[in-house]
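I open this notebook to record what I looked up, entry by entry.

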Amino acid sequence: MGARKRLSSAEPPPSSSSSSAKEKPIFSDPPIAPPKWGLLLKLSLFSLPYLYLLFFHYPIQSDLRRSILINAGMSLAGLFLTVKMIPVASRYVQKRNLFGYDINKKGTPQGNVKVPESLGIVVGIVFLVVTILFQYFNFTADSNWLVEYNAALACICFMTLLGFVDDVLDVPWRVKLLLPSIAALPLLMAYAGHTTIVIPKPLVPHIGIEILDLGWIYKLYMGLLAVFCTNSINIHAGLNGLEVGQTVVISSAILIHNIMQIGASTDPEYKQAHAFSIYLVQPLLATSLALLSYNWYPSSVFVGDTYTYFAGMTMAVIGILGHFSETLLIFFLPQVLNFLLSLPQLSGYIPCPRHRLPRFDPQTGLLTGTNDGTLVNFFLRNLGRKSEKALCIYLLAFQAIACCFCFMLRYFLAGWYK
């Protein structure tokens, strides 16, 4: 995260001779650092469990596996395209004064570097291109899933646009809460799936029914889930690589969950719902990894609200249309805890500063936790002073533990809870 600096209205406008040699250095910002390919290579090793489940552990139908592999190949192409496009886009956003200073490096030479802002727009565009082109290989004109697929893309596109508007206009918090509910309208209007929930088995004798139809309440729940996922990614931030890192971890867990559900099920519609989820989460994971190669510590680009809104809405759509919203919320356990810690300040009960970041000591390069209600400060208060990179790794490890806890919980409750 960084405090974005805009061109002040008090500054004199450029003269008509702006094309002269003296004016040209205004736009000659140094290029951003190259992508961290070593980081991507290390993270690629975590794909081995997914590949094992896809090719060896489960007897997945050949046509379904073919669609997943086509989507994976297109996602990989999206990764390389995103890596190439980010430096190009960074030059344009800097020309429009969309840059920030890294507050967690204030007082050091890195704290004076103009870091391009809102590079999540590149991820959103490449993601949409990949997912739209994928329809040619998988969906027919009369496909039952085509309407919901395009409605999901409309939601994601709408949210990416609104996120970019937020980066440019810096809208207040009360408006930020409304943006995801507006962006979720295409999905809510086009949703034609079931609106029922399965009653937990221990409660069936007391309630007397096994399936409960919620009707419009279910759609309201879908809208609230979109609002939570979008804003929870946005407020669990403040460190280089944290916003993108948590998205990568959750997306990886969603991917493994989907392939496990496809392999264990015999219901064709259930399999298709989870395959639908894979078709969206693979491009999200690939493009996010490309952004992480620039955003990991020390960050050479900032993702902006554009990315956090885009990632949150995409994962909400994936959970809704994949019919595993309960599992998604457990994957979001750190974000839930961060929201509960933030609630007193977000509600106005306790004064809320603009940047609820830890204090940085330029002499030692360590961060110290403040009394602000965020998971970042909570970790620092309990674990002691940490460097920004070490703290981010701790938080992402906690995210991975939460995802593993979800898998363990589903394993122990299978057959008893539902």
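**Aromatic rings and a helix pair**

I began with a cluster: Phe-127, Tyr-307 and Phe-310 together form one aromatic cluster. I note that the model I am reading is predicted.

I next looked up the total of aromatic pairs, and the structure holds 13 of them. I examined the pair of Phe-99 and Tyr-101, whose ring centres are 5.8 Å apart and whose planes stand at 80°.

I then checked accessibility for both partners. Phe-99 has 4% relative accessibility and therefore counts as buried. Tyr-101, at 25%, counts as partly exposed.

I returned to the ring of Phe-99 and found the charged end of Lys-114 sitting over it, 5.0 Å from the ring centre. I also recorded Lys-95, whose charged end sits over the ring of Tyr-92 at 5.5 Å from the centre.

I turned to the helices. Two packed helices are described by the angle between their axes and the distance between the axes. For helix 5 (residues 146-169) and helix 6 (residues 173-183), I noted a packing angle of about 155° and axes 8 Å apart. Angles over 145 degrees count as roughly antiparallel, and I therefore described helix 5 and helix 6 in that way.

Which residues of helix 5 and helix 6 meet? I listed Cys-155, Phe-158, Met-159, Leu-162 and Asp-166 from helix 5. On the side of helix 6, I listed Lys-176, Leu-179, Pro-180, Ile-182 and Ala-183.

Definitions and conventions
Residues numbered from 1 in each chain as written. Predicted model: local features only at pLDDT ≥ 70, side-chain atom pairs only at ≥ 80, totals over all residues. Heavy atoms only, no water. Phe/Tyr/Trp six-rings, centres within 6.5 Å; stacked < 30°, edge-to-face > 60°. Buried < 20%, exposed > 50% of the residue type's maximum accessible area, 1.4 Å probe, protein only. Lys NZ or Arg CZ within 6 Å of the ring centre and 35° of its normal. Axes fitted to C-alpha atoms, helices over the stretch in contact; angles between N-to-C directions. Helix = DSSP H or I, 4+ residues; strand = E, 2+ residues; numbered from the N terminus. Parallel < 35°, antiparallel > 145°, perpendicular 65-115°, else oblique. Contact = heavy atoms within 4.5 Å.
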